[in-house]
Amino acid sequence: MEAKSKRIIANNRFILAMTLPCILMMITFVFIPLVMGLRISFTNWNGYSQNYRYIGLQNYVKLFSDKMFKQAFINTLIYGFGSTFFQTLLGIAYALLLNKSFYMKNATRSIVYLPAMIASLMVGYVWSFMVEYSHGALNDILLLLGFNKLDWMGVGTRAVWIITAINTLTFCGKAMVIYVAGLNSIPSSYYEAASMDGAGSVACFRHITLPQLIPAIMTSTILNLIGGLKLFGLIEALTGGGPGYSTHSLSTLINSMYFAYQNAGYASAIGVVTFVFIMLVNILLRSYLMKKEAEAQ
């Protein structure tokens with residue numbers, strides 16, 4: 001009994017030793033910056049000066065009347081939920097297609113996943129050459145076909161949805177990998193039994209594949225939604241938040257407020273609200289998807 005207790009204590013110490021670096025990194029790079037950002041959000045600091053004063057909740061009150069914040073918040077919802085919805089559809093479609101046996105299957109998977117491995121800022125710069133008005137590839141194609149040039153990113157609403165589409169195409173490969181793993185975990189006996197009962201492909205997908213993919217859907221949805229809600233690199237590379245402030249996300253608005261407007265206190269307030277918002281969305285979505293997973297079992 002004593003030897004068993006010593007082994008348990010030794011195992012606990014080993015686990016603590018292995019997790020301690022992660023805990024220290026979380027404290028250093030997450031908890032401390034969050035506390036500092038929360039403190040700065042109650043000040044009028046410009047980000048550079050050593051002199052500032054505490055102004056209470058003025059920065060948070062300003063959020064409710066700030067048109068830039070409202071537009072950035074709406075855009076963030078589109079970037080987050082819009083990208084997640086289309087990434088889910090494309091990811092499942094790719095997974096179903098690439099889960100079949102055919103020539104160059106692994107190479108095709110790699111090609112689909114490749115954009116997700118590249119920094120989003122670099123992806124944005126590549127796409128900027130595609131949608132540029134003067135010498136962009138898309139406008140060159142339109143001219144060859146006899147159409148007029150289109151200012152793709154010149155209208156805020158259109159630009160927001162173009163950025164959403166680019167984000168979807170960039171990261172749908174990440175969703176595909178998760179769904180491929182989910183498909184491979186489904187026992188083939190389920191499909192064999194369904195075919196013996198005369199079930200078609202649509203019925204198999206609806207009653208077998210989709211319910212069994214719920215854990216994968218939960219994982220993919222949460223990861224893609226968080227990524228979409230804090231979208232930064234693509235927007236900075238493609239529009240910089242313009243025209244005007246019509247394509248800003250909350251992340252790019254924080255950057256703009258801090259560096260362009262030199263209002264670090266207000267930028268910190270937006271950052272705190274963004275953190276709380278993403279955390280609440282994550283908690284609510286996770287609870288909903290876990291409930292659906294429990295119902296499917």
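By class, the residues lining the largest cavity comprise 7 nonpolar, 1 polar and no charged (Ala, Val, Leu, Ile, Met, Phe, Trp, Tyr, Cys and Pro count as nonpolar, Asp, Glu, Lys and Arg as charged, and the others, Gly among them, as polar). The model is predicted, so that local features need pLDDT of at least 70 and side-chain atom pairs count only at pLDDT 80 or more, whereas totals for chains, interfaces and linings use all residues. Residues are numbered from 1 along each chain as its sequence is written, and side-chain values use heavy atoms, with hydrogens and water left out.

The lining of this cavity consists of I222, L225, I226, L229, I278, V281, N282 and L285, and helix 10 (214–229) and helix 13 each supply at least two of its residues (helices are DSSP runs of H or I, at least four residues, numbered from the N terminus). The volume of the largest cavity is about 30 Å³ (the space filled by probe spheres set on grid points joined across faces, edges and corners). On a 1 Å grid over the protein atoms alone, a cavity is a set of points where a 1.4 Å probe fits but cannot get out, a pocket is an open set with protein on both sides within 12 Å along at least five of seven lines, and lining residues have an atom within 4 Å of a point.

The largest pocket has a volume of about 300 Å³; of its 13 lining residues, V30, P33, L34, G37 and G271 are the closest to its centre. Helix 1 contributes the most to this lining, with 7 residues, and the lining as a whole divides into 10 nonpolar, 3 polar and no charged residues.
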